[in-house]
Amino acid sequence: MRREGCERRELEEKEEEEEWVLIINGGVGGIVSRLLGTEKRDFLLSPNGDQVKVSELEGKVVGIYFSANWYPLCQKFTTVLANVYEQLKYKGAQFEVVFVSSDEDIDAFNRYRACMPWLAIPYSDLDSKKALNKRFDIEDIPCLTILRPDGNLEDNTTILHDGVELIDRHGARAFPFSKDRLEELERVEKAKRENQTITNLLANDNRDFLLCHSSLSKQVSITSLQGKTIGLYFSAQWCLPGLKFNPKLISIYNKIKQLLTHKRDEDFEIVYVSSDRDQAAFNAHFDTMPWLALPFGDPTIKTLTKYFDVRAIPCLVIIGPNGKTLTKHGRNLVNLYFEKAYPFTEAQLRYLERKMEEEAMKLPKTVHHAGHHHELTLVSEGTGGGPFICCDCEEQGSGWAYQCIGCGYEVHPKCAKAVMSHWPRLWEGYFEAKLDKSGVTKHEERRSTVTFFVSTATDLVRVSRFEPFVPRTGDGRSEPIHLKGYRPC
Ligand SMILES: [Zn+2]
Ligand SMILES: [Zn+2]
């Protein structure tokens, strides 16, 4: 019985496909009418509220836009799409967009629609909305499903589900979204990346310099960056994670510079790529930075943001001495490895990863962390971990982490602050532990020879390995702990 059911469904799907091919190849009552109209409604709403016959869309490339006003990513993409739409309309392209709303009520729908220059399915037609969501298997918004009038269902060129990505990446150039067009864009992009140099990344027709803080001149030539490792730092003063990351990056920048003082053939530089809202904000923010910057509002900022597909700031893209991109995950690497991440080469990162694996092997499998009321478990990418935001330092993390699956709570191993409840098990018979007001844990043992500093789970292990160290404490201070007559467990 089951088999029969499967076969029947396959047969039905096949029939449906055949019908689609027929319609797309110019059959009566085309695909667009069938998808976007119903028996009761053969029209869509224009921006000014007029009715536009669905049949007018036949023969055009149509983007069905699933979106909602309450979701910031949708609002952001609506602005991008509106821009592309206007450009295409100006050129007379046979392109149309139809909005399928997931707004909470009619007022929200109308407000949202006011910033859309295209058509919409009436808010009241919930059945059409449901049917389209089901037909295209919509799970995430914003989603832009592109229907091509001349495509072929067999090779998947009729319906493209990744319209949002295509528009984000290529803008109006993606039109008419044909296989040939998209392949051509890929080729152009590939050639561009192969020919990438620091100069063609940062310079444009009107500017061959960057801003600097030197007292002699406020400008430095871009050619002086050739042969150096360069960090492109996308950030803004209004961005809170950026403000938090800034001091860390400055300290690491200074340390790398320090390390390189005696090396003649190597250098490191950072270029601030600002998304500040005005010149004053840019000035104030750039003043806190010891590195270079692209001028505020320079067109290259937009080009770079698109080129490196920067979706969230702060973001640190690293360019190697040969002008090629080393990594777009500089921020994460700096968080993980500090100045040791330099020179961000694959070899260096592999080495650091290996070292981190070795370190992680020595970490306790579970820890009671001061900032969470459940026991945390050590996980790696292969055992339930993955990219995360550390609940302690609020920075990105990946690879090893201490995690509470139930609460979705996760911290870097270096941020885990072990508390007493956990320690007696590890140290029974050797220490008396007490937690002082600053969160620094002090340990005492009877016979005194060594002085240690203890605060994090990572450091705990080092104690057991009998190595002196200076850990960071919760409030940035370090406090000595006197371990008298210490013997390893
Ligand atoms: Zn952390
Ligand atoms: Zn929990």
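Reply: Two strands pair if DSSP finds at least two bridges between them. Helices (H or I, at least four residues) and strands (E, at least two) are themselves DSSP runs, numbered from the N terminus. This is a predicted model, in which local features need pLDDT of at least 70, side-chain atom pairs count only at pLDDT 80 or more, and totals for chains, interfaces and linings use all residues. Residues are numbered from 1 along each chain as its sequence is written, while chains are lettered from A and ligands numbered from 1 in the order in which they are written.

Let us take strand β10. This strand covers residues 229–235. A residue is buried if 20 or more other C-beta atoms lie within 10 Å of its own, exposed if 12 or fewer, and partly exposed in between; the C-beta atoms are placed from the backbone. One side carries Thr 229, Gly 231, Tyr 233 and Ser 235. The other carries Ile 230, Leu 232 and Phe 234. Both faces are covered.

Next, the partners. Strands of a sheet pair through backbone hydrogen bonds, either parallel or antiparallel. β10 shows both senses. With strand β11 (residues 268–274), β10 pairs in the parallel sense, over seven bridges. Thr 229 has Phe 268 of β11 as its bridge partner. Between β10 and β11 the chain passes through helix α9 (residues 240–259), a right-handed β-α-β crossover. Right-handed means that, with the strands pointing away from the viewer, the path from the first strand over the helix to the second runs clockwise. With strand β13 (residues 315–319), β10 pairs in the antiparallel sense, over five bridges. Here Phe 234 stands opposite Cys 315.

For contrast, look at helix α13 (residues 346–362). Among its 17 residues, the count of buried ones is zero. Its end C-alpha atoms lie 25 Å apart, which agrees with the 24 Å that 17 residues should span at 1.5 Å a residue. The expected span is 1.5 Å times one less than the number of residues.

Asp 127 sits in helix α5 (residues 126–135). Asp 127 is exposed because 11 other C-beta atoms lie within 10 Å.
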